[in-house]
Amino acid sequence: MSTNISRRDFNKLLLTGVAGATMGLFGGSGSAFAASRRVVVIGGGFGGASAAKYLKKLDPSLSVTLVEPKASYATCPFSNWVIGGLKTMPEITQTYAALARRGIVIVPEAAVSVDPVKSTVKLKSGKLLHYDRLVVAPGIDFKWDAYEGYSQGLADSSMPHAYQAGPQTVLLHKQLQAMKDGGTVLICPPANPFRCPPGPYERASLVAHYLKTNKPKSKVIILDPKEKFSKQGLFTKGWQRLYPGMIEWRGPAAGGKIVSVDGASMSVKTELETVKGDVINIIPPQKAGQLAFTLGLTDASGWCPVNPTSFESTIHKNIHVIGDACKAGAMPKSGFAASSQGKVAAAAIIRLLKGQEPVPPSLVNTCYSLLAPGYGISVAGVYQLSPEGITEIPGSGGLTPIDAADDQLEQEAMFAEGWYNNIVRDIWG
Ligand SMILES: Cc1cc2nc3c(=O)[nH]c(=O)nc-3n(C[C@H](O)[C@H](O)[C@H](O)COP(=O)(O)OP(=O)(O)OC[C@H]3O[C@@H](n4cnc5c(N)ncnc54)[C@H](O)[C@@H]3O)c2cc1C
C-alpha cells in the first residue's frame with residue numbers, strides 16, 4: 001500500500017481502523033508495530049521534512065509520520081527570483097511523494113494540540129497520533145499588530161509580505177507587473193530576529209532588476225528599522241554597480257522606522273514622514289509559528305528555547321523544536337540552518353530512543369543572494385557547541401570578498417542554483 005494518501009483516504013482508513021494498525025500510528029500492544037518506535041514530525045518545511053527523511057534514512061525500523069496540511073510546499077528560497085520574474089512557482093514547488101515512497105507516512109492535516117503527558121498529537125479532524133518522540137517545525141508567524149492600520153487582511157489584499165512563499169509571492173509579482181513605469185516600490189523589512197536576514201535585500205535587488213528591464217523610470221525605497229543589515233557592504237556595492245540611483249536604503253535615522261500603514265492611500269507613516277508607494281511590501285516582525293505557542297513551547301522572546309545538542313525543548317520533554325521557530329544561538333533563521341538542525345535532531349532522537357546520549361553536533365549554514373542574473377554573493381558559517389550555546393567557529397566561513405572579480409560573482413550565482421537543486425533533492429527527494 002502506498003503511504004502517500006489523500007486526506008479523504010486517510011480519514012476513511014481511520015474510520016475503518018486500518019490506518020492505526022497498518023501504519024503503526026496508534027501502537028497498542030497488539031499492533032504489528034508495537035516494537036517499532038514512533039516519531040511524529042509536525043511541519044513539512046526545510047526543518048521538518050529534513051528530520052523526517054533522515055530519521056527514516058538513519059533508522060529504517062522507525063515509524064516516522066510527517067504531519068503537514070499542504071499537499072505541496074513552495075520554498076521561500078528562490079521566491080525572490082519568482083518576484084523578479086526569473087523563475088516560476090512550479091520551479092520552486094516541492095511535493096511529499098518521494099518521502100512517502102521512502103516509507104514515511106504523510107498525514108495531510110494540521111496538528112492542533114499535543115498532550116505531552118499522554119504523548120499524543122491531536123489533528124484538526126480530532127484524530128490522535130501517538131509518539132515516543134515528537135519534532136515540531138512550524139516555521140514563523142507574523143506580529144500582525146506591529147503597525148497601526150496593518151492586518152493580515154491588508155497583507156492578503158494589497159500589501160503582501162511574501163515572506164511565506166505561495167499566493168503572497170504571486171501577488172507581489174503581479175503587482176510589479178501591473179505597476180506603471182515611474183512607480184515607487186516600498187520594501188519594509190522587520191527588526192531582528194527574522195527569517196532569512198538577507199532576504200529583503202535580495203528582494204530589493206531582484207525587484208530592481210525587473211524594473212530596470214521593464215519599467216526603468218521606477219525606483220525602490222527600503223524603509224529599515226535596523227542600523228545595519230546582512231551582507232550590507234556587498235549589497236550596497238552591487239546596487240551602485242547594477243542599479244545606480246534606483247535603490248534607496250533608509251535606516252532608522254533617515255525615517256526607516258514605520259509607525260503606521262494606510263491601505264486606502266497606499267502609504268506608510270514613518271517616524272519622520274509619510275511615504276507613498278505604488279507597490280508596498282511590508283515584511284512584519286516575526287515570532288515562532290502559532291503551533292509553538294499553542295503547545296506552550298515558546299518563552300518570553302516569542303521563540304522556542306532548546307537544548308542545543310538535541311534540539312529537545314527545554315520546556316517539554318520528548319519534544320524537539322527545529323528550524324525558524326527555535327532559538328539556535330548564532331545560527332540565522334535559514335532553510336539551510338533548519339535542514340542542518342533537522343538532521344542533528346534526527347541523529348539525536350535515534351540515540352535517545354536507544355538510551356544513548358546525543359553526540360555534540362556540528363552545524364552549517366550557507367546563504368546565497370542573487371543581485372542580478374550572473375551576479376551572486378554568499379555568506380557561510382560552521383557552528384559548534386560552546387558554553388554560550390551554539391556559536392560560530394571563528395574563521396569557519398565568511399562572506400564573498402568585497403573586491404570579488406566578476407567571474408567570482410558569476411560563479412556565486414551558479415553555485416546558488418546548484419545549492420538550491422541539491423538541498424531540495426536532499427530534503428524532498
Ligand atoms: C524571501 C525569502 C528567501 C529566502 N531565501 C533563503 C535562502 O536562499 N537560503 C536559505 O537557507 N533560506 C532562505 N530563506 C529562509 C527559509 O525559507 C526558512 O528559514 C525556512 O523555510 C525555515 O524552515 P522551517 O522548516 O523552520 O519552516 P517552514 O519552511 O516555514 O515550514 C513550516 C511548515 O510547517 C507547516 N505547519 C505550520 N503549522 C502547522 C500545523 N499546525 N500542523 C502541521 N503543519 C504545520 C507549514 O505548513 C510549513 O510547511 C528565505 C526566506 C524568505 C522569506
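**View 1. S218 in the loop between α8 and β12.** S218 lies in the loop that joins α8 (199-214) to β12 (219-223); helices (H or I, at least four residues) and strands (E, at least two) are DSSP runs, numbered from the N terminus. The model is predicted, so local features need pLDDT of at least 70 and side-chain atom pairs count only at pLDDT 80 or more, while totals for chains, interfaces and linings use all residues. Residues are numbered from 1 along each chain as its sequence is written, and side-chain values use heavy atoms, with hydrogens and water left out. S218 counts as buried because its relative accessibility is 4%; buried means under 20% relative accessible area, exposed over 50%, and partly exposed in between (1.4 Å probe, protein chains only). The side chains of S218 and D181 are joined by a polar contact of 3.5 Å. A polar contact is a pair of N or O atoms within 3.5 Å; within protein, one must be able to donate a hydrogen and the other to accept it, and residues adjacent in sequence count only if both atoms are side-chain atoms. The side chain of S218 also reaches the backbone nitrogen of G182 at 3.0 Å. Beyond four places in sequence, the contacts of S218 (heavy atoms within 4.5 Å) include M179, K180, L211 and M246.

**View 2. E271 in the loop between β15 and β16.** E271 is placed between β15 (267-270) and β16 (274-276). With 53% relative accessibility, E271 counts as exposed. Residues up to four places away in sequence aside, E271 touches P252, K257 and V259.

View 3. Of the 35 residues around the ligand, G47, E68, Y73, R195 and G335 come nearest. A nitrogen atom of the ligand is 2.9 Å from a polar backbone atom of A111, and an oxygen atom of the ligand is 3.3 Å from one of F46. The protein covers 92% of the 1000 Å² of accessible area that the ligand has on its own (Shrake-Rupley method, 1.4 Å probe; for residues, only the protein chains shown count as cover). α11 gives the largest share of the shell, three residues.

**View 4. Confidence along the chain.** The mean pLDDT of the chain is 92, and 92% of its residues reach 70 or more; pLDDT is the predictor's confidence in each residue, from 0 to 100. Over residues 1-34, pLDDT stays under 50.

Notes: A residue is near a molecule or strand if one of its heavy atoms lies within 4 Å of it.
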